[in-house]
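User: I would like the terms in this description checked against their cut-offs. Please take them one at a time.

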Amino acid sequence: MKRRNFLFDEIASYANIRLAFLKAIRGKRASAEALLFCRDIEGSLENVRLRLLAETVRWGAYKSFVITDPKTRIITAAPFEDRVIHHAIMNVLDPVFEHQLIHHSYACRNGKGSHAAVRYAFTKCKAHPWFLKLDMRKYFDSIDHATLKKLLARIIKDKRTLALLGSIIDTYHTAPGDGKAEPCDGKAMPCDGKAEPCRGVPIGNLTSQYFANYYLSGLDHFIQEELKPAAYCRYMDDFVLWASTKESLQIMLNKIERYTEDRLLLHLKPPVLDKTARGLPFLGFMIKTKGIYLLQKSKRRMKTRVREIKGELAAGLITEAQAAAWLISVYAAVLLARTRAFRVSLWYRRRFGHEPGETRRQLEQQRGQLHGVQPQQQHPEQHEQQFGFSCCVRAINGV
């Protein structure tokens with residue numbers, strides 16, 4: 001395997017840092033940190049460059065918050081200036097990581113994504129009678145620092161780049177024993193692994209996505225080149241193998257368990273080994289030989305989100321155009337599945353209080369009553385409302 005060298009100077013170049021800034025500020029222009037950074041853009045970019053060129057990069061403290069959708073996770077956000085550095089690193093290292101990944105690894109890659117993974121899984125479920133679905137236990141919090149650094153050294157030769165990546169890894173770890181996340185302050189000495197092995201990368205860092213995806217690339221090659229299932233795909237730590245017999249998948253499972261525990265220091269969740277005709281639960285979908293459907297937990301999440309949008313719209317906190325935009329984002333994630341009847345029923349029952357199937361004129365009349373105007377009258381703000389209503393209909397219909 002040829003290792004890449006002379007990467008650090010490209011990372012620390014002014015042009016690359018400026019490009020990283022443009023990526024980091026996307027969608028964050030109104031944040032206080034971004035506004036402060038932009039007060040003197042040239043000076044801020046030069047400060048980022050000087051931080052990179054320093055012998056030891058001093059990282060800022062993380063801000064942590066908890067989300068519970070669909071399960072409880074601790075999200076850690078780095079300061080804006082640190083995020084610019086993360087983008088600068090990945091601008092250069094993205095092709096390096098990309099070269100190590102197999103074709104059917106779908107997470108955090110251009111032209112891939114969860115929908116592409118589900119479509120591929122659907123074609124394989126129709127072609128093969130048995131599947132084995134596996135998932136890592138507390139994956140991001142279980143990644144071993146020493147193992148990750150060794151894996152990075154296999155593809156990167158530049159010592160300054162390796163030191164930079166190592167300093168990012170050392171800014172975060174999970175508490176030994178209980179698995180709770182404990183962001184470091186950026187000043188602590190790197191973990192030496194003598195007392196307890198340091199584990200965990202923060203969910204929220206751009207670099208963490210690449211680290212986590214690459215950490216399992218060796219497992220991908222082991223499965224494809226040595227175990228040789230009939231088909232295989234992975235989305236981050238969710239991966240599926242297909243074969244013609246149950247016994248062959250059981251043998252593969254035993255070898256995968258040994259590989260993950262011995263080489264990666266990871267543990268698998270209870271496996272799902274079943275016939276494809278009974279359905280494969282994968283990335284929020286139930287994939288069957290005759291179609292792709294939503295899992296019940298995904299439907300519950302959609303119901304909760306639509307209920308929230310409906311409540312804010314009824315309270316006047318958002319316009320119909322804003323509600324339509326949010327609906328489009330909610331529904332776009334599930335348009336791959338057979339969900340049209342569910343989407344129509346969900347929105348119209350909650351929004352208008354009647355069953356779907358009414359004529360457009362009846363819907364317009366119902367809408368006019370909700371806003372206290374007659375359908376024939378032209379309200380000054382009606383153009384925006386009509387736009388929002390039509391967008392809602394298009395979102396529901398998947399147009």
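Predicted model: local features only at pLDDT ≥ 70, side-chain atom pairs only at ≥ 80, totals over all residues.

Analyst: Residues are numbered from 1 along each chain as its sequence is written, and side-chain values use heavy atoms, with hydrogens and water left out.

User: Why are α8 and α10 called roughly perpendicular to each other?

Analyst: Two packed helices are described by the angle between their axes and the distance between the axes. Helix α8 (residues 145-155) packs against α10 at about 85 degrees, and the axes are 11 Å apart. Axes are lines fitted to C-alpha atoms, for helices over the stretch in contact, and angles run from 0 to 180 degrees between N-to-C directions. Angles under 35 degrees count as roughly parallel, over 145 as roughly antiparallel, 65 to 115 as roughly perpendicular and the rest as oblique. The pair α8 and α10 is therefore roughly perpendicular.

User: Which residues make the contact of α8 with α10?

Analyst: On the α8 side they are Thr-147, Leu-148, Leu-151, Leu-152, Arg-154 and Ile-155, and α10 contributes Phe-211, Tyr-214 and Tyr-215. Contact means heavy atoms within 4.5 Å. By class, the contact has seven nonpolar residues, one polar and one charged. Ala, Val, Leu, Ile, Met, Phe, Trp, Tyr, Cys and Pro count as nonpolar, Asp, Glu, Lys and Arg as charged, and the others, Gly among them, as polar.

User: What makes β6 and β8 edge strands?

Analyst: The open sheet has four strands in the order β6-β7-β3-β8, with antiparallel pairing. Strands pair if DSSP finds at least two bridges between them; the elements are DSSP runs numbered from the N terminus, helices (H or I) of at least four residues and strands (E) of at least two. β6 (231-235) and β8 (272-275) each have a single partner strand, so one side of each is left without a neighbour in the sheet. The twist from one strand to the next averages 15 degrees.

User: How do you know that β3 and β7 pair?

Analyst: Six bridges join β3 (residues 130-135) to β7 (residues 238-243), and the two run antiparallel. Trp-130 stands opposite Ala-243 in β7. Helix α11 (residues 217-227) lies across β6 and β7, at about 170 degrees to β6.

User: What is the strand order in the three-strand sheet?

Analyst: The order is β9-β10-β11, in an open sheet with antiparallel pairing. Its edge strands, β9 (280-282) and β11 (291-294), each pair on one side only. Four bridges join β10 (residues 285-288) to β11, and Ile-287 has Ile-292 as its bridge partner. Helix α6 (residues 114-127) lies across β9, β10 and β11, at about 30 degrees to β10.

User: How many cavities does the rule give?

Analyst: There are two cavities of 30 Å³ or more. On a 1 Å grid over the protein atoms alone, a cavity is a set of points where a 1.4 Å probe fits but cannot get out, and lining residues have an atom within 4 Å of a point. Points are joined across faces, edges and corners, and a volume is the space filled by probe spheres set on them.

User: Which element gives the largest share of the lining of the largest cavity?

Analyst: That is α10, with four residues. The lining divides into six nonpolar, two polar and three charged residues. The second largest cavity is lined by residues including Trp-59, Asp-82 and His-86.

Definitions and conventions. 1 Å grid on protein atoms, 1.4 Å probe; cavity = no way out; pocket = protein on both sides within 12 Å on 5 of 7 lines; lining within 4 Å.
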